4 protein chains.
Amino acid sequence: MDTQTATIASNYDADVKKRFNRLESLLAEEWKLILEQSPLIRTIMEGKADKRLFGLYMLETYQYTYHNARNQALVGTRSGEMPVKYMKFCFEHAEEETGHELMALHDLMELGLSRDEITIPAPLPATEVLIAYLYYVSANGNPLRRLGYSFWAENCYGYINPVISKIKSTLQLKDSQLTFFVAHSNIDEEHAVEVYDMIARFCKTEQDWQHVERVMLVSLRLQGRVLDDVFEAYKRLEAGNANEYSFLNKLG
Amino acid sequence: MDTQTATIASNYDADVKKRFNRLESLLAEEWKLILEQSPLIRTIMEGKADKRLFGLYMLETYQYTYHNARNQALVGTRSGEMPVKYMKFCFEHAEEETGHELMALHDLMELGLSRDEITIPAPLPATEVLIAYLYYVSANGNPLRRLGYSFWAENCYGYINPVISKIKSTLQLKDSQLTFFVAHSNIDEEHAVEVYDMIARFCKTEQDWQHVERVMLVSLRLQGRVLDDVFEAYKRLEAGNANEYSFLNKLG
Amino acid sequence: MDTQTATIASNYDADVKKRFNRLESLLAEEWKLILEQSPLIRTIMEGKADKRLFGLYMLETYQYTYHNARNQALVGTRSGEMPVKYMKFCFEHAEEETGHELMALHDLMELGLSRDEITIPAPLPATEVLIAYLYYVSANGNPLRRLGYSFWAENCYGYINPVISKIKSTLQLKDSQLTFFVAHSNIDEEHAVEVYDMIARFCKTEQDWQHVERVMLVSLRLQGRVLDDVFEAYKRLEAGNANEYSFLNKLG
Amino acid sequence: MDTQTATIASNYDADVKKRFNRLESLLAEEWKLILEQSPLIRTIMEGKADKRLFGLYMLETYQYTYHNARNQALVGTRSGEMPVKYMKFCFEHAEEETGHELMALHDLMELGLSRDEITIPAPLPATEVLIAYLYYVSANGNPLRRLGYSFWAENCYGYINPVISKIKSTLQLKDSQLTFFVAHSNIDEEHAVEVYDMIARFCKTEQDWQHVERVMLVSLRLQGRVLDDVFEAYKRLEAGNANEYSFLNKLG
């Protein structure tokens, strides 16, 4: 990914390239913190993940992904001045993200559950906070700022691929059982280019760039907390204190 | 158009075809009323329209078209169960409609106004009522029902082409000065097919069809009232009582 | 009422009083049109209303009243600059209007229906258009403009009391069977004073007053169309073509 | 406070009292964590707070309090079934909270700033996350769940009074310079009783109580993060890296 985004940023002239490099380096720092500190990531990287843990993670992925197309489109529905190209990007991108939560659900089922065996509970607190934040950002403030979320979300494979690979080998999964990540890493390469393009084209002021930077950092931190809540729910499940997830015990 | 929509409806099996034929025939009745009773239409068909009248009409077209992509996308942002294909249709269709108000503005300018000479006032009351209704329909009730608006809006050229032709000859306009109508009648042929398809595919119950029928009729009636408000504003402008539109007098 | 509102307006200094008098006189003209042209009103005033007709009217009153507290409060939830006193008015007024739809339902039952016998159908088209317009006005544009609706709604008893009296004598109803109108005409005297006060205090510019005037006229016209739709639904019911209202036939 | 809420809970019968006691004890644990771990609280309790630190805190208090009346009222504007008494509570409570952000602003000015010297920047990230969460909770899911926020917010004086007292003595402030806290601790005693009452009256199912419990815990945790962000911003200000707050240096 370093190579890939380096390439994307290098398409722009010096000033914009410098700004992208700043975003990329802040992102790298933030990911470093998450990857080092998250007990969920550590457990996975130590080869200790089981299907219940990964299932829980896919369930929360389902939860927030359900809202991604919706809040992406919401940006474009706002009244007021918005560049036509940016509105079109919002709707087109929303269309492409529509239904992706079903891939997460598919991958959960591939672990060994039929659809009937899955009772989807409310999202975990950290997941709901992430969802709430993305709707708020999409509906309020600078309309460009949701690009800060896309900036890391479409660009995360450099960081999370090692984690996914480890999951894959630990749980002996095939690509066809990891559709959410495999499909996204393909789709998102193109998206990442478009996201860079939107940012470069429409962020005109210092403030525009700051809004994007802030939403990038805040939403990634909130995503980090989702990992923590997933791990905590897993510990509760192991201890027999998470009835709402007991359907996952079939996998354990 | 009769031929065209007849063709579209005839792609479906007997039961669905019958339902489409009912929608088409209700639509034909409603258009007949509007075309016969509207003083705006009468004035145009008698060759008495001037550029101010057409300018006023394009201004209101600008007003509601500004909101069409927005309320179309809003349907897809709603939470709850919605078929993936229908959500995608909402976003894709919204993307295609984005910025179409600029065509209306372009055509207004082509009548003989520079952008600086145009001060866009608030929409006329009937236009604001139409806008309000479409947002309400898009955000509330059966998510399929906004298709009732698309059903007539994407299918209106059989009814309004004679009116546009008359305007064109009376005001001696070229196709390049009527981009809104020319572009839409091309785009919308394809859209009409998609709208029939969405309705046929997702209207499962008697109620679904009734919701679509109702929104079709109500939104077309509200559109008819826009024509009436445009004509009334024109009369006020002629009488020197419509200051907010006085910039149009340059065309008169 | 003439006396009452004259008194309210006379509390203000010459300029504001003149503006209120303009609103009042536009209102009087609009009511005159409605009262003269509405076939529903004519039928009532000729003593020809039956319980089904009044029941239908109360049902639509239920429908839009259900939304009044909600859209009133919505005004206060908008972000941006708003005077504290006006926000407080919005919430306080919303609180007072909460549940008033239940009075309309009570009065419908008093005509001779138990709660179980009433199946509330969707609002009539004109009622839904009124509801949609009030939400749009409450959520968009000048936040003061919803006062235009309150201006006539809290002040309508001078116009409609003769109609209610006629209904009362024709159908031989007691005050306790007309709680919606009796309670409102009491509550609303005080509200009318507050509405005048809010308008006088916060309408600073010519535009503010125009927004209020426009919403007053448009919402009253939309209310007039509700009367027309009620009458048309009644005719359908009489002709046996309004299944959704057939439960009212028990009253006929 | 222990005494106070103990008294409130003891008004209810055994089952409801037990549930309140659970909420209260979870709340006590959560506060304990916040009070012990927050570097902001520690700094204050060690008598090391300066006016800039307290000013920063009042600024963020201004930010989220600005939205409290709005999101409280939003609960009541939702469509669907809602008890009349609960809707009324939402609007009445919103009315009482309206404008309270101005008390926070007043207290900030009392530290030694004129209104012109204050340039209100965007809320800190943690503050915006709290705001976003409260809007989401108010607009989505179980309508009762926002009571979980009120439950701790109207009931927090037992926990924060020692902190406010310490601030007061450290910065030598009078009650008239602490209007936000002094006014609230008076108003909120009554509110707390009403909040208990709403919860006891309308939480019928296990799920209702769980929703309230969850929002109580999540929103209090998010509030704890606001304290952390305030402290971090203070450290940046001290280090000369928080330009947006440099107006506070006049107090330092």
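Guide: Let's begin with α7(A), which is mostly covered: 13 of its 15 residues are buried. Buried means under 20% relative accessible area, exposed is over 50%, and partly exposed is in between, using a 1.4 Å probe and protein chains only. Helices here are DSSP runs of H or I with at least four residues, strands are E runs of at least two, and both are numbered from the N terminus.

Visitor: Before we go on, what kind of model is this, and how is it numbered?

Guide: This is a predicted model, where local features need pLDDT of at least 70 and side-chain atom pairs count only at pLDDT 80 or more, while totals for chains, interfaces and linings use all residues. Residues are numbered from 1 along each chain as its sequence is written, chains are lettered from A and ligands numbered from 1 in the order in which they are written, and side-chain values use heavy atoms, with hydrogens and water left out.

Visitor: Back to α7 of chain A: how far apart are its end C-alpha atoms?

Guide: They are 21 Å apart, which agrees with the 21 Å that 15 residues (125-139) should span at 1.5 Å a residue. The expected span is 1.5 Å times one less than the number of residues.

Visitor: And what follows α7(A)?

Guide: Gly141(A) does, and its phi is positive, near 75 degrees.

Visitor: How many residues are in contact between B and A?

Guide: 21 residues of chain B are in contact with 21 of chain A, where contact means heavy atoms within 4.5 Å. The copies meet through the same surface, because 100% of the interface residues of chain B are also interface residues in chain A. About 1700 Å² is buried between them, 65% of it on carbon and sulfur atoms. Buried area is the accessible area (1.4 Å probe) that two parts lose on being put together, summed over both.

Visitor: How many salt bridges are there between B and A?

Guide: Two. One has the side chains of Lys88(A) and Glu95(B) meeting at 3.6 Å, N to O. The rule wants a side-chain nitrogen of Lys or Arg within 4 Å of a carboxyl oxygen of Asp or Glu. On the chain B side, the elements giving two or more residues are α4 (51-77) and α5 (84-97).

Visitor: What about B and C?

Guide: Here 17 residues of chain B are in contact with 17 of chain C. The buried area is about 1500 Å², with 63% from carbon and sulfur atoms. Glu128(B), Tyr136(B) and Arg214(B) supply 41% of the area chain B buries there, more than any other three residues.

Visitor: Which residue does Glu128(B) meet in a salt bridge?

Guide: Arg214(C), at 3.1 Å, N to O. α7(B) gives the most to the side of chain B that touches chain C, with eight residues.

Visitor: Last one: is Val195(A) buried or exposed?

Guide: Val195(A) is buried, with a relative accessible area of 0%. This residue lies in helix α10 (179-202) of chain A, and the residues it touches include Phe89(A) and His93(A).

Definitions and conventions:
Lists of a residue's contacts leave out its neighbours within four places in sequence.
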